[in-house]
Amino acid sequence: MQTKEASQESEIKQVIRSLCMMNNRFMNFMLDDNTKAAQVFLRIILGDDKIKVKNVRIQSFIQNIYGHSSQLDILAQDSKGRYFNVEVQRSDEGAPARRARFYSSILDTHFLQPSKLYEELPDTYVIFITENDVLRDNLPLYDIRRTIKQSARDFEDGSHIIYVNSQRRDDTALGKLMQDLYCTEPKNLHYQEFAERMEFLKYSKEGEEKMTDVIEEYAARKAEAAAKAVEAKMTDVIEEYAAKKAEAVAKEAEKKEQANKIELAQGLLADGMSIEFTVRHSKLSEAEVRELASKLTA
């Protein structure tokens, strides 16, 4: 009989085997410090086989002391000093135009150092790889640049925003790259640079250990978030119960107070007190006192 630990290990291995690069965390591991794979990636998307990636890192946190900060999935730099931010977005809501604009701006503010001239601002590329065709023109790739409206000429400010539609998986270089993003087995990948990394992450002991740590950490965070959600829900339930209980107690107190008023009014009327006197001392309305009086004389 399989032990609990062996069963868990087997389950984790199955999860690892099922991952593809459209899972942004797995994509991060595929490209983390992997300049060869990042270079192939960028060369195909940008159609430039001269790109030479110097470094690539994942989950780069860029602090913005004046507003919203950002954590970039993948950030690479090439030999020309250009910066490339790659984001994998499976949800359409994760790739709005204004998010691309914000990421582009935060790269600018981060990489133009104090005392540097504006002309020294590096070229930046924000690349969204989307599961669906979020821009809805059925294009494999959308290269977005600022243009001068009157002349349709490019406004060469060095900023580039690119959306890649992963649904277009044809036999072009870009289409094959998109096929690779959904591939779970190294032997089926088109590009060797990805196959080598995937083989390491999924089938080597060191790679599996690295991925296992990440999966367990992620699972722990999800469990913690779920526990907090349950706690918050229970708090809401308890508060709702307390509110209902308080309302019931208040109604009961109001009912008892009304009964006391009626009892006092009946006693005053029975002692021959006037309607006005009874209203004033019982705190009942005149209509209520007159109704009680009519019942006494009936």
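This is a predicted model: local features need pLDDT of at least 70, side-chain atom pairs count only at pLDDT 80 or more; totals for chains, interfaces and linings use all residues.
Reader: What makes Cys 20 and Cys 183 buried or exposed?

Author: The term buried applies under 20% relative accessible area. Cys 20 has a value of 9% and is therefore buried. Cys 183, at 12%, also counts as buried.

Reader: Why are the buried residues of helix α8 said to line one face of the helix?

Author: The buried residues of α8, which spans residues 275-282, are Ile 275, Thr 278 and Ser 282. Viewed down the helix axis, these fall within an arc of 65 degrees, so they line one face. Glu 276 and Arg 280 are exposed on the other side of α8.

Reader: Which residues have the most contacts inside the largest nonpolar core?

Author: They are Phe 41, Ile 45, Ile 127, Ile 129, Leu 177 and Phe 194, in a core of 44 residues. Helix α3 (residues 35-46) supplies the largest share of this core, with seven residues. Another core, of 16 residues, lies apart from it and includes Leu 72, Ile 106, Leu 107 and Phe 111.

Reader: Which residues are in contact with Phe 41, leaving aside its neighbours within four places in sequence?

Author: Contact means heavy atoms within 4.5 Å. With those neighbours set aside, Phe 41 is in contact with Met 27, Val 86, Ile 129, Leu 177, Leu 181 and Phe 194.

Reader: What is noted about the phi of Asn 138, and where does this residue lie?

Author: Asn 138 is not a glycine, yet its phi is positive, at about 55 degrees. Its place is in the loop between β4 (124-130) and β5 (141-144).

Reader: Why is Asn 138 called exposed?

Author: Exposed means over 50% relative accessible area. Asn 138 has 51%, and is therefore exposed.

Reader: What makes Ala 152 count as exposed?

Author: Its relative accessibility is 61%, so Ala 152 counts as exposed. Ala 152 lies in the loop between β6 (147-148) and β7 (153-154). Although not a glycine, Ala 152 has a positive phi of about 60 degrees.

Terms used: Residues are numbered from 1 along each chain as its sequence is written. Side-chain values use heavy atoms; hydrogens and water are left out. Buried means under 20% relative accessible area, exposed over 50%, partly exposed in between (1.4 Å probe, protein chains only). Helices (H or I, at least four residues) and strands (E, at least two) are DSSP runs, numbered from the N terminus. The arc is that of the directions from the helix axis to the C-beta atoms. A nonpolar core is a set of buried Ala, Val, Leu, Ile, Met, Phe, Trp, Tyr and Cys residues joined through side-chain atoms within 4.5 Å.
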